[in-house]
Amino acid sequence: MNQEEKDRASNTNAQRNEINEIKHLLREAMPPLPSDQLEPRADLWPRLRARLDSQHTTDRAASNVNGKSQRIRVTWFDWALTALAAAALLIFPGIIPALLYHF
Amino acid sequence: MNQHAYLRAYMAGIVVPTIFLLLAATAFTIARYVYNVPVPIERVIVFPMAVVPNLWGLWNIFFIASHQRTRLSIGIHGAILPLILGPLGILMTSLLDFTIPDFATHIFPVAAPVALIVYYLVWKYFVGSLNQIVGIA
């Protein structure tokens, strides 16, 4: 066995010792739980489901305030403004780069 | 659902200009490098890329913070923003020693009201919808 092989073997031993020491420290820091504490006492899923359902109902109620749906309704005035802006862009296309810059 | 209202306002505010920036940057890049438009856009592109989306976010925060007192509609609130962005953009171009093309200065009297209209509509319908979606409208 040459010197290089000896060094490698001693490094491997040192690493194994370190890993064992870390394992030992971890086991000391986190002792295993007793078997009666491994699972919750009651089934938590029905409570979580009820909570999700109530949150869903609240969100739906918030989005339909006073029975109005969230559908967007565009007024005639806004259509007129849109037409005006579109016409201006068609007649003066030079506006487009200025708008792009400031958008 | 009322937690972090300002953070949600900021995020809702930056959506539209951030998406639109993709189109604008593409248009500018094609104009500059494909059609060789002799305007050094890359020197001033930092304004639409960094300042505009952040200002939109901050402006939406300002809307949420001030709406109780001012009762201003979101469209009108948004239409005020070009009055800040316009001078800021001009200041930025002059600081960066960027010569504004002649056609842009001549077109300003038409471009200004169009910008107000576009901002009014975009804030009313797009930012307003986003505010509703994130639950701060």
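## A guided tour of a two-chain predicted model

Begin with the helix pair in chain B: helix 2 of chain B and helix 3 of chain B cross in a right-handed manner. A crossing is called right-handed if the near helix is turned clockwise from the far one, and left-handed if it is turned anticlockwise by less than a right angle. Helices here are DSSP runs of H or I with at least four residues, strands are runs of E with at least two, and both are numbered from the N terminus.

The model is predicted: local features need pLDDT of at least 70, side-chain atom pairs count only at pLDDT 80 or more, and totals for chains, interfaces and linings use all residues. Residues are numbered from 1 along each chain as its sequence is written, while chains are lettered from A and ligands numbered from 1 in the order in which they are written.

**The helix pair**

Keep both helices selected. The packing angle of helix 2 and helix 3 of chain B is about 145°, and their axes are 11 Å apart; axes are lines fitted to C-alpha atoms, for helices over the stretch in contact, and angles run from 0 to 180 degrees between N-to-C directions. On helix 2 of chain B, select F47(B), V51(B), V52(B), L55(B), W59(B) and F63(B). Their partners on helix 3 of chain B are I74(B), H77(B), L81(B), L85(B), L88(B), G89(B) and M92(B). Two residues are in contact if their C-beta atoms, placed from the backbone, lie within 7 Å. This contact comprises eleven nonpolar, two polar and no charged residues. Ala, Val, Leu, Ile, Met, Phe, Trp, Tyr, Cys and Pro count as nonpolar, Asp, Glu, Lys and Arg as charged, and the others, Gly among them, as polar.

Next, select R71(B), in the loop between helix 2 and helix 3 of chain B. R71(B) is not a glycine, yet its phi is positive, at about 60°. R71(B) counts as exposed because 7 other C-beta atoms lie within 10 Å.

Then move to H4(B), in the segment before helix 1 of chain B. H4(B) also has a positive phi, near 50°, and it is exposed, with 11 C-beta neighbours inside 10 Å.

**The interface**

Now display both chains. Chain B gives 26 residues to the contact and chain A gives 19. On the side of chain B that touches chain A, helix 4 of chain B supplies the largest share, 14 residues. That side has 21 nonpolar, five polar and no charged residues.

**The core**

Select V114(B), I117(B), V118(B), Y119(B), Y120(B), W123(B) and V127(B), which touch the most other members of the 31-residue largest nonpolar core. Such a core is a set of buried Ala, Val, Leu, Ile, Met, Phe, Trp, Tyr and Cys residues joined through C-beta atoms within 7 Å. Helix 4 of chain B gives the largest share of this core, 13 residues. Centre on I117(B): beyond its neighbours within four places in sequence, it contacts L81(A), L84(A) and A85(A).

**Chain A and confidence**

Of its 103 residues, 8% count as buried.

The mean for chain B is 85, and 96% of the residues score at least 70. The model scores ipTM 0.70 and pTM 0.66.

Conventions
A residue is buried if 20 or more other C-beta atoms lie within 10 Å of its own, exposed if 12 or fewer, and partly exposed in between; C-beta atoms are placed from the backbone. pLDDT is the predictor's confidence in each residue, from 0 to 100.
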